[in-house]
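I began with the helix and then turned to the salt bridges.

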Amino acid sequence: MSTDSSSPTATPGPPGQDPTGRRGGPDATRRSERSRRAIYDAALALVSEVGYQRTTIEGIASRAGVGKQTIYRWWPTKGDVLFEAFLDLSEQASEAAGGDPSEFPDTGDLAADLAFVLRATVDELLDPKFEAPTRALAAEGVVNARLGEEFVAKLMEPQLQLYVGRLRSAQDNGQVRTGIDLRIAVELLVAPLAQRWLHRSGPLDHAYADALVDYALHGLVPR
């Protein structure tokens, strides 16, 4: 064994380090992720339990077991907290379902594909996990233009473009007439669904979803 005095030796380091100089103690990144996850869960739970108006940053912080300054460091308002939590919830739901959120079914049967997606949308809108935060964000987006624009850009628009892509494929195959505005065509499908859900103006079920597809694809004139 060498006794060369130039060989590295272990020397005491500052607290939180091991003798070789490596940092010890809790991983700050993992701790931050745990806090972020707890904040997401708290925001979603409170909105479902007490409503958006009665949900506060202080309440979210208390429920999550963090200081409110931790929340303000990451988000400026409770609406921003809820929006990010909802995005995360949507991603988790897609992963759990085993589907690819960037794909729209294309079986060759346009009516069946549209009905499949609209039925799934009905199920999600009626799911208690999604209904309360979706309503809260829809309402907040009306009075908070910045959040409303984010809601459209990050949630609504990507989904609408999937419909547009499916209609364009059908158009290329001669199933949809040329020269129409595909975005308006999509709105004929999804806007009535959103209106009935938002205002609770009538039953929201699979039969209604199927009727929307039938009316949008075949119109109102006698066949």
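I first noted that the model is predicted.

I checked the extent of α9: residues 206–218 reach 18 Å from the first C-alpha to the last, close to the 18 Å expected at 1.5 Å a residue. I listed the buried residues of α9 as Y208, A209, L212 and V213. Seen down the axis of α9, these fall within an arc of 145°, so they line one face of the helix. I found that they pack against α5 (110–126) and α8 (182–199).

I inspected both ends of α9. Just after the helix, G219 has a positive phi of about 75°.

I turned to the salt bridges, of which the structure holds 14. One of them joins R166 and D106, with the closest N and O atoms 3.2 Å apart. R166 lies in α7 (residues 145–172) and D106 in the loop between α4 (78–97) and α5, so this pair ties together parts 60 residues apart in sequence. I noted that R166 is buried at 3% relative accessible area, whereas D106 is partly exposed at 44%.

I next followed R183, which forms a salt bridge with E157 at 2.9 Å between the closest N and O atoms. This pair links helix α7, holding E157, to helix α8, holding R183. R183 also meets E187 in a salt bridge at 3.5 Å, N to O. E187 and R183 both lie in α8, four residues apart.

Terms used
Residues are numbered from 1 along each chain as its sequence is written. This is a predicted model: local features need pLDDT of at least 70, side-chain atom pairs count only at pLDDT 80 or more; totals for chains, interfaces and linings use all residues. Side-chain values use heavy atoms; hydrogens and water are left out. Helices (H or I, at least four residues) and strands (E, at least two) are DSSP runs, numbered from the N terminus. The expected span of a helix is 1.5 Å times one less than its number of residues. Buried means under 20% relative accessible area, exposed over 50%, partly exposed in between (1.4 Å probe, protein chains only). The arc is that of the directions from the helix axis to the C-beta atoms. Contact means heavy atoms within 4.5 Å. A salt bridge is a side-chain nitrogen of Lys or Arg within 4 Å of a carboxyl oxygen of Asp or Glu.
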